[in-house]
Amino acid sequence: MSEFILPNLGDGVAQGDVLKVLVKVGDTLAVDQSVLELETDKATIEVPSDVAGKVTAINVKAGDKVKPGQSVLTLEGASGGNGASGAKAAKTEAPKQEAPKQEAPKAAAAQAPEEPDAPVEPVAPAERPKASVTNIATGRPAPPAPAPVPPPAAVSHVTSAPAAPSVRRLAREIGVDVSQVPGTGPGGRITQDDVKEFAKRVMNSLGGNGQAAAASGAGRAVGVGPALPDFAKWGEIERKPMTGIRRKTAEHLSHAWNAIPHVTQFDKADITALEQVRKKYRAEVEKAGGNLTVTAIAAKVIASALKVFPQFNASVDQAGESIVYKKYVNVGIAVDTENGLLVPVLRNVDQKNLIQLSVEINQLAEKAKARKLSLDEMSGGSMSISNLGGIGGTAFTPIVNWPEVAILGISRGGFEPVWNGKEFEPRQMLPLSLSYDHRLIDGADAIRFLRWVAEALENPFALTLRG
Amino acid sequence: MSAHVAVIGAGPGGYAAAFYAADLGMKVTLIDNEKNPGGVCLYRGCIPSKALLHVAKLLEESKHAKEWGIEFGDAKVDIDKLRDFKNRVVEKLTSGTGQVSKFRKVNYIQGWASLIDPKTIKVKKGDATEEIVTVDYMILALGSLPTKIPSLSINSPRVLDSTGALDLPEIPKSMLVIGGGYIGLELGSVYAALGTKVSVVEMTPGLLPGADRDLVKFLAQRVEKTFEKVMVSTKVTSMKASDRDVTVNFEGEGAPKQAVYDYVLVSIGRRPNAKIDGLDRTKVKVNDKGFIETDGQRRTAEPTIFAIGDVAGEPMLAHKASHEARVAIEAIEGQKAEFAPAAIPAVVFTDPEIAWAGLTEAEAEKQGLKVEVAKFPWPASGRAIAIDRVDGMTKLIIDPETERILGVGIAGSGAGELIAEGVVAIEMGATASDLKLSIHPHPTLTETLMEAAEVFFGQATHVYKPKKKS
């Protein structure tokens with residue numbers, strides 16, 4: 001008997017919700033075959049097996065919260081895999097993320113019956129795109145060399161976090177889940193300093209890697225406000241748990257809103273000329289597999305603007321009393337999906353032409369809609385763009401995608417009468433909103449930046465000239 | 001204005017809650033039908049039984065002394081005086097809690113409480129008067145009662161429950177203890193030491209169901225000698241009491257079909273006492289096992305009512321109740337307290353004692369957890385040899401990965417005192433090295449904990465057992 005243990009899911013990912021179990025009892029599992037569909041904080045990932053063998057029991061079901069180190073499958077006749085190293089990876093990389101008692105593997109028999117909510121479909125590895133899964137799950141492609149049959153994988157479990165009662169109390173009081181705190185003491189024991197350090201880290205970096213247990217203000221857990229009234233008093237209600245994406249969005253935007261003193265600056269760009277150029281080249285871009293959209297052009301314009309205004313390609317390290325300037329130019333594009341807001345990041349936008357960017361935006365948007373984006377593809381942005389023009393609106397005040405310091409909002413463009421000195425002329429105008437972090441960016445700089453962007457859009461040649 | 005908290009039930013959970021609330025400046029009313037705070041534990045449980053077990057141990061040791069060259073002759077027991085001693089112990093402690101309650105300005109009401117609504121209590125007092133108490137919060141510390149099953153519930157002075165047995169009606173010639181759990185074995189040991197021929201009958205295949213077999217072994221060996229008969233895997237099918245004795249019919253291998261005893265002690269467990277009039281006028285929920293349902297803060301489904309102790313869930317132990325009491329009071333004060341112990345110690349005060357805390361070997365196996373077990377046999381302890389009590393063992397359940405101590409089990413003389421060190425080790429997340437590297441006083445039985453940790457590393461001074469290479 002062997003087990004498939006949930007490996008490390010990537011930096012800072014402590015747990016995931018099982019969306020689907022992709023194998024069933026009796027299946028013969030191959031190495032690399034997808035076992036689970038997991039929803040983590042922002043990405044839905046498929047977890048491939050690193051062991052092979054016949055599945056004798058499934059120890060998780062759809063809806064379960066799972067953590068690295070937890071047993072997912074029990075296998076018989078395991079061979080040709082690298083279960084040992086997979087299990088080890090999970091153990092060594094995530095020693096503090098072991099399943100608490102109540103989530104310990106349950107009796108196989110109790111888990112075996114089919115869950116009506118969890119359609120079980122065995123899927124051969126080749127049939128499903130495995131975008132980024134291998135990377136996330138094991139941090140490396142599964143090594144092809146067969147390893148000896150691993151001994152029965154038994155993860156070391158503990159009944160509670162190794163922390164003294166006083167330390168557990170401290171964690172509880174400041175709203176930190178002590179089981180998430182990495183212990184620095186012998187045997188992974190968690191000290192008071194570990195808890196404080198963890199809380200500090202979470203407060204400083206409640207971005208890609210932060211845990212929900214952030215503390216803010218006077219030791220209050222994020223999101224805990226005054227008690228809600230009893231809504232049912234006024235009529236029928238329905239309560240639904242937040243999805244992982246919604247939860248993360250709520251936490252992330254609350255933090256961004258609290259951490260950043262926001263100011264929003266509005267302007268309009270005359271894109272009459274740009275629209276003509278865009279129509280002219282659209283077919284060529286389409287042939288390459290992209291759409292020459294205003295968003296794509298805006299991304300390119302932003303990339304150039306970031307080089308001219310480096311303080312927009314920066315982050316504020318308040319604790320370190322310093323400003324981090326980035327030498328790379330990555331632009332995040334907000335994508336509206338059925339499941340919520342996602343912001344994939346275009347890399348090295350300054351080094352790519354518009355055709356390349358258009359194609360890439362298409363690919364990322366597809367991935368976002370199919371929930372196949374990896375965490376990596378959603379982090380590391382310099383600045384973000386949120387284009388709501390396709391839906392409508394005259395202006396809005398986007399929230400800066402912390403730890404970035406600015407975001408460009410685009411609303412619906414349209415023809416307006418513009419005075420050209422002699423008469424009103426119909427011009428196609430695009431409303432722009434720039435929200436920025438006033439700690440780092442002064443108002444004058446903000447309007448200079450936005451004017452620069454608007455002028456670049458008004459006269460595409462300016463990009464080549466000044467960008 | 002400070003909150004007014006009423007605690008119903010003044011056992012070790014209830015009075016701990018009341019006193020702590022008073023210390024935090026709350027206005028406190030404590031209601032119980034006894035004269036003083038104490039509950040079953042002080043009046044009819046832990047404390048009186050320990051007084052009697054202390055005497056039993058002395059009697060056993062005086063017999064044992066023969067082997068050391070000391071003879072006292074046969075002990076003469078004055079049962080009335082012994083009963084007095086036990087009653088004095090109870091009186092001393094309960095009058096003490098009564099005084100401490102007064103010092104703290106707790107409003108102690110002797111009487112029977114019922115609920116009018118979630119914030120109003122009616123107390124019926126001994127003189128038939130009634131008092132209405134209106135509060136902000138309520139703590140239900142209603143305790144538990146001996147389990148009764150109809151076939152064994154005979155209304156006869158010859159059939160006792162633990163309360164009746166503690167009253168020491170006389171020293172019977174023979175007694176049958178129904179139920180091989182800790183209450184039956186403790187009280188059975190007392191009567192055996194006093195000279196009663198005690199037999200015990202247990203339905204499951206072993207004494208102390210649920211406890212670690214390695215540890216129970218020592219007690220079973222002892223009981224084989226001091227008890228008349230131990231019948232396991234045996235059921236009592238019926239009982240008939242007369243003025244002079246009780247006739248009992250059995251069903252089980254090795255048990256007689258029928259036997260006659262002077263007395264029968266029924267000790268088949270305890271059940272939560274969630275029956276209080278007016279509970280249905282609150283949102284408090286009682287589960288199918290009879291326990292009041294609570295959250296991690298011991299708050300019931302009625303937000304201003306908390307439940308602690310035996311009535312709030314297993315294990316039904318006084319020290320669990322006292323700890324829950326503090327959690328509930330802190331929750332009322334608005335602190336983020338939670339009942340989340342890493343270990344709740346359990347002690348069986350027989351001779352030898354059995355004690356454990358944290359994860360047990362059986363539980364680890366059930367959960368499929370990989371653990372390593374380090375055992376230190378007491379024949380290797382200098383102190384155990386010196387007191388001629390080598391019938392013991394100290395074992396540690398250790399996480400092989402982190403070397404953290406997850407569980408401790410001890411059988412032997414004084415195990416109940418020794419286990420406290422195990423609790424601290426588990427709560428502090430101590431590793432086997434921590435126990436090994438802490439200097440323990442010589443020659444004491446506490447060294448067995450240190451040496452058990454040394455056994456884990458294959459380096460125990462007094463045990464030669466090289467560590468297996470894994």
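Hi everyone, let me start with one bridge: Leu140 of chain B has Ala307(B), in E18(B), as its bridge partner. Before going on, a word on the source: this is a predicted model, where local features need pLDDT of at least 70, side-chain atom pairs count only at pLDDT 80 or more, and totals for chains, interfaces and linings use all residues. Residues are numbered from 1 along each chain as its sequence is written, while chains are lettered from A and ligands numbered from 1 in the order in which they are written.

Back to that bridge. Strand E7 of chain B, residues 137–140, pairs with E18(B) in the parallel sense over three bridges. Strands here are DSSP runs of E with at least two residues, helices are runs of H or I with at least four, and both are numbered from the N terminus; two strands pair if DSSP finds at least two bridges between them.

Where does this pair sit? It belongs to an open sheet of five strands in chain B, paired in parallel, with the order E3-E2-E1-E7-E18. The edges are strand E3 (107–110) and strand E18 (305–307) of chain B, each pairing on one side only. From one strand to the next, the twist averages 20°.

Now for the helices. Helix H1 of chain B (residues 14–23) lies across strand E1 (4–8), strand E2 (27–32) and E7 of chain B, and runs at about 165° to E2(B). Axes are lines fitted to C-alpha atoms, for helices over the stretch in contact, and angles run from 0 to 180 degrees between N-to-C directions.

Next, helix H3 (residues 46–64) and helix H6 (residues 182–194) of chain B: their axes are 9 Å apart, and they pack at an angle of about 45°. H3(B) and H6(B) are therefore oblique to each other, oblique being whatever is left after under 35 degrees (roughly parallel), over 145 (roughly antiparallel) and 65 to 115 (roughly perpendicular). Among the residues making the contact are Leu52(B) and Leu53(B) of H3(B), and Leu187(B) and Val190(B) of H6(B); contact needs C-beta atoms, placed from the backbone, within 7 Å.

Finally, the wider view. Chain B has 13 helices and 23 strands. Of its 470 residues, 48% are buried, meaning 20 or more other C-beta atoms within 10 Å of the residue's own, again placed from the backbone. And how many residues of chain A are in contact with chain B? The count is 19, facing 21 residues of chain B. Thanks, everyone!

How values were computed:
Buried ≥ 20, exposed ≤ 12 C-beta atoms within 10 Å, placed from the backbone. Contact = placed C-beta atoms within 7 Å.
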